[in-house]
Amino acid sequence: MNRRIFSTLLTNFVGKRKLHTTSNLLSFFEPDRKSGYKRVYDKPFLEPQLNVFGRICEGYRQFKEEFNILVEEIKETLKMDPIFVYRTNEVDIIWQFKGDPKSLDQWVTTCDSDYEEGFSTAKLEMSSTGTGIFSGILSTRLPKDGRIKYAGYCNITTIPKYKSFKREVYHDWTPYTHLVLRIRGDGRCYVLNIATRGIFDLTWNDVYHYVLHTRGGPYWQYVRIPFSKFIFSSKGRLQDNQIPIVLHEVSNFGISLADDVTGHFRLEIDYIGLESDAFHKEEFAYESYNFSDIKF
């Protein structure tokens, strides 16, 4: 399947709106990673309403907590044996709820109504059986501001991974070839997002997408997707120059709904994991264009 066919499928199954897009960049440098949108997961290191003594005590408490995390990281590094042979056809679970309410803190839920760009609602909560449920109401009704042309999206995204002293690091998925999910859907088409933000502002909005087709009904669905099937986009726009996922720079994983169908939705998630398949040799499934090789 080439890039053009995938783009047609993305239009047919995800809807006219496709993915959320932002305005074109007119300068060489973009100072804000969120392009003006608020950061839901960012919290100040110290609460501004505390007095001087309270800030000292809170700073000492957080320093002690972060230092203990650093000690555990050093112990884990010293105890960890090098892995020369990776296990094949075994799923390593990365995110799972397990009935623990604290596991919900690893995710951020957003929708167009959070930024006054629509009327959709979304939430992520724990089910009675210990799984995560991403649900809400998707609305394509436009706000009367004369600025928004398309509306209707809901999204859940993992928060960035941090080490001690608030050091942001990337997920290293280099040994793996497949993304594995155990879900129970409602028959709607969702979009899986893998962000590889990088350190340069040019790559802050680089995201890889794959359309997730869910089945309605009471049965669980086991989804196994090769990383080579994900298609590259920037700011929600498919790129002509397609490249494989940089698996050692994965910053976030998310699931979006923007299928242009107004109504309720519900996606139940058991776990999200990774798998290494030794027989999977495909590096990238789509066409890539190298304009330097084109002769006019």
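So, contacts along the chain: if you take the pairs in this protein that are at least 6 residues apart in sequence, 76% of those contacts join residues at least 24 apart. Contact here means heavy atoms within 4.5 Å. Before I go on, this is a predicted model, where local features need pLDDT of at least 70 and side-chain atom pairs count only at pLDDT 80 or more, while totals for chains, interfaces and linings use all residues. Residues are numbered from 1 along each chain as its sequence is written, and side-chain values use heavy atoms, with hydrogens and water left out.

The protein has two helices and 15 strands. Those are DSSP runs numbered from the N terminus, with helices being H or I of at least four residues and strands being E of at least two. Of the 296 residues, 42% are buried. Buried means under 20% relative accessible area, exposed means over 50%, and partly exposed is in between, with a 1.4 Å probe and protein chains only.

Okay, the core. What does the largest nonpolar core look like, and which residues touch the most other members? There are 35 residues in that core, and Phe-227 and Phe-253 touch the most other members. Strand β15, residues 263-275, gives the most to this core, with five residues. For the record, a nonpolar core is a set of buried Ala, Val, Leu, Ile, Met, Phe, Trp, Tyr and Cys residues joined through side-chain atoms within 4.5 Å. As a general point, nonpolar side chains tend to be buried together in soluble globular proteins.

Now pick up Leu-192, which is in strand β9, residues 189-195. Leu-192 counts as buried because its relative accessibility is 0%. Gly-254 is 62 residues from Leu-192 in sequence, yet the two C-alpha atoms are 6.0 Å apart. Beyond its neighbours within four places, Leu-192 is in contact with Tyr-210, Phe-230 and Phe-253, among others.

Those names come back in the aromatics. Trp-95, Phe-97, Trp-107, Trp-173, Tyr-210, Phe-227, Phe-230 and Phe-253 form one aromatic cluster. In total the structure holds twelve aromatic pairs. One of them is Phe-63 with Phe-67: the ring centres are 6.2 Å apart and the planes are at 20°, so that pair is stacked. The rule is that rings of Phe, Tyr and Trp (its six-membered ring) pair if their centres lie within 6.5 Å, and planes under 30 degrees apart count as stacked, over 60 as edge-to-face and the rest as tilted. Phe-63 and Phe-67 both lie in helix α2, residues 52-79, four residues apart, which is about one turn of the helix. Phe-63 is partly exposed at 47%, and Phe-67 is partly exposed at 42%.

Tyr-210 and Phe-230 make a tilted pair, 5.7 Å centre to centre with 45° between the planes. This one links distant parts of the chain, with Tyr-210 in strand β10 and Phe-230 in the loop between β11 and β12, 20 residues apart. Are these two buried or exposed? Tyr-210 is partly exposed at 24%, whereas Phe-230 is buried at 0%.

The charged end of Arg-141 sits over the ring of Phe-119, 3.6 Å from its centre. Arg-182 does likewise over Trp-220, at 4.4 Å from the ring centre. The test is NZ of Lys or CZ of Arg within 6 Å of the ring centre and within 35 degrees of the ring normal.

Back to that β11 to β12 loop, where Ser-228 also sits. Ser-228 is buried, at 3% relative accessibility. Its side chain makes a polar contact with the side chain of Glu-282, at 2.7 Å. A polar contact is a pair of N or O atoms within 3.5 Å; within protein, one must be able to donate a hydrogen and the other to accept it, and residues adjacent in sequence count only if both atoms are side-chain atoms.

Last bit, the backbone. Most residues other than glycine have a negative phi. Glu-116, though, has a positive phi of about 60°, and this exposed residue has a relative accessible area of 65%. Asp-260 has a positive phi as well, near 65°, and lies in the loop between β14 and β15.
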